[in-house]
Amino acid sequence: MKDELDDIKAMWQQTKEISRQHNTTDVHTLIALGETKKKSMMAAHYGNALVLSATVLMLVFYFYYLYHFQMTLSHIGYNLMIGGLVIRIGIEIFSVIRSKRIKISDTATHSLETSIAFYQFRRRIHGPVTIFIFIAYFIGFYMLTPEFSKYIALQWVIIMDSSALVIGIVLALFIRRGILQELRDLEKIVELQKSLVKEK
Amino acid sequence: MNQTDLSTFQTLHSQYLGMVMNLCRGFMKGDMDKASDLAQDVFINVWNALPGYRAEASYKTWIYRITVNTCLLQIRRDKNKIKVPLEAAIHTMEQNTSTEQAENEKILYRAIGQLDEVERLAIMMVLEEVEYEEIARILGITENNLRVKIHRIKTKLKDLIENERRIG
């Protein structure tokens, strides 16, 4: 056994110099790439929250200042839309805070544990809440239809409602894909963690 | 950009590039190009984590941790990227080595490539002659657990190498 491992070690040592020679990326390029990565991570972390915040501001401006809805149903509808998005923004920010607990320089076990906790949080909170908010948003939107139909020609109301339905289906497919991907990631991390801590 | 960080990073890069490349190469089943990309990711992560370094572990242990986590992170970020077909990896490797070394390396990387990700990382650190105590600190498991694991991996690797020699 010992001899065999020594043989393997000798074989391994031979590869060292070749490995080193092959990597030619200079330090300044790495730093530039590092800075770019930082920015893209920031964009990924806060991008969703920013886009959603901009949407909320637009909706607030439109519903509260520009267009004064009269029907109670409409009030409930747009508040459902805005309220859902605000909750979603809160979740996005909380999710970013949770994700920052994953440290690349932790021990592998700890890093995998925090990753598992993060993905489990996403599965518990993100999935069901996202679906609820999504449904609430579209119900809210359709609650505006009766008042819209008082001022807009029927064909435009039909076009508007059916477009919303198509957008809803496309978004639902994207959300489903994202949730399934995160579930697969979670399974893989759990598998890695088990492989790391198992003693046999 | 902090001048101290820059100079520390330059030192770390020159000192540990070989170590990181070896681990990445083994993890990527001998594929040098993919190993280079992975090593680049490791040092990008080192640069970004550098302001948070608190000297609780040596730089070597710290960089090993980042390397191991980057490898494991790679698996979940882009599973297709990590699945280097063994034949493709060996082909890349043969282009970079003399015929004499090629056979040995082929056998070694074929065998290592058949271990699972965690086994691969652990045995490569053993081959790099990292102390068991330090490997345990890098992986975050007990030394006893590590010894059991390494014993099992050695046996498995020995069988895999013998098998590769037989068919190779």
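At what angle do α2(A) and α3(A) pack, and how far apart are their axes? The angle is about 160 degrees and the axes are 9 Å apart, with axes being lines fitted to C-alpha atoms, for helices over the stretch in contact, and angles running from 0 to 180 degrees between N-to-C directions. That makes α2(A) roughly antiparallel to α3(A), a label for angles over 145 degrees.

Before going on, some ground rules. This is a predicted model, where local features need pLDDT of at least 70 and side-chain atom pairs count only at pLDDT 80 or more, while totals for chains, interfaces and linings use all residues. Residues are numbered from 1 along each chain as its sequence is written, and chains are lettered from A in the order in which they are written.

Now back to that helix pair. α2(A) passes α3(A) in a left-handed crossing (the near helix is turned anticlockwise from the far one by less than a right angle). The residues that make the contact include A:L52, A:V56 and A:F63 of α2(A), and A:I82, A:L85 and A:I89 of α3(A); contact here asks for C-beta atoms, placed from the backbone, within 7 Å. By class, this contact has 15 nonpolar, 4 polar and 2 charged residues. For those classes, Ala, Val, Leu, Ile, Met, Phe, Trp, Tyr, Cys and Pro count as nonpolar, Asp, Glu, Lys and Arg as charged, and the others, Gly among them, as polar.

Next along is α3(A), residues 72-99, with α4(A): their axes come within 8 Å and cross at roughly 160 degrees. The two are therefore roughly antiparallel to each other, and this crossing is left-handed. Their contact divides into 17 nonpolar, 7 polar and 3 charged residues.

Zoom out to the chain. Chain A has 6 helices and 0 strands, where helices are DSSP runs of H or I with at least four residues and strands are runs of E with at least two. Its radius of gyration is 25 Å, well over the 16 Å that the globule rule gives for 200 residues, so chain A is more spread out than a compact globule; the radius is taken over C-alpha atoms, and the rule is 2.2 Å times the number of residues to the power 0.38. The C-alpha atoms fill a box of roughly 85 × 45 × 30 Å along the principal axes.

Finally, the partner chain. The contact takes 40 residues from chain A and 50 residues from chain B. On the chain A side, α1(A) gives the most, with 13 residues.

Terms used
Two residues are in contact if their C-beta atoms, placed from the backbone, lie within 7 Å. Angles under 35 degrees count as roughly parallel, over 145 as roughly antiparallel, 65 to 115 as roughly perpendicular and the rest as oblique.
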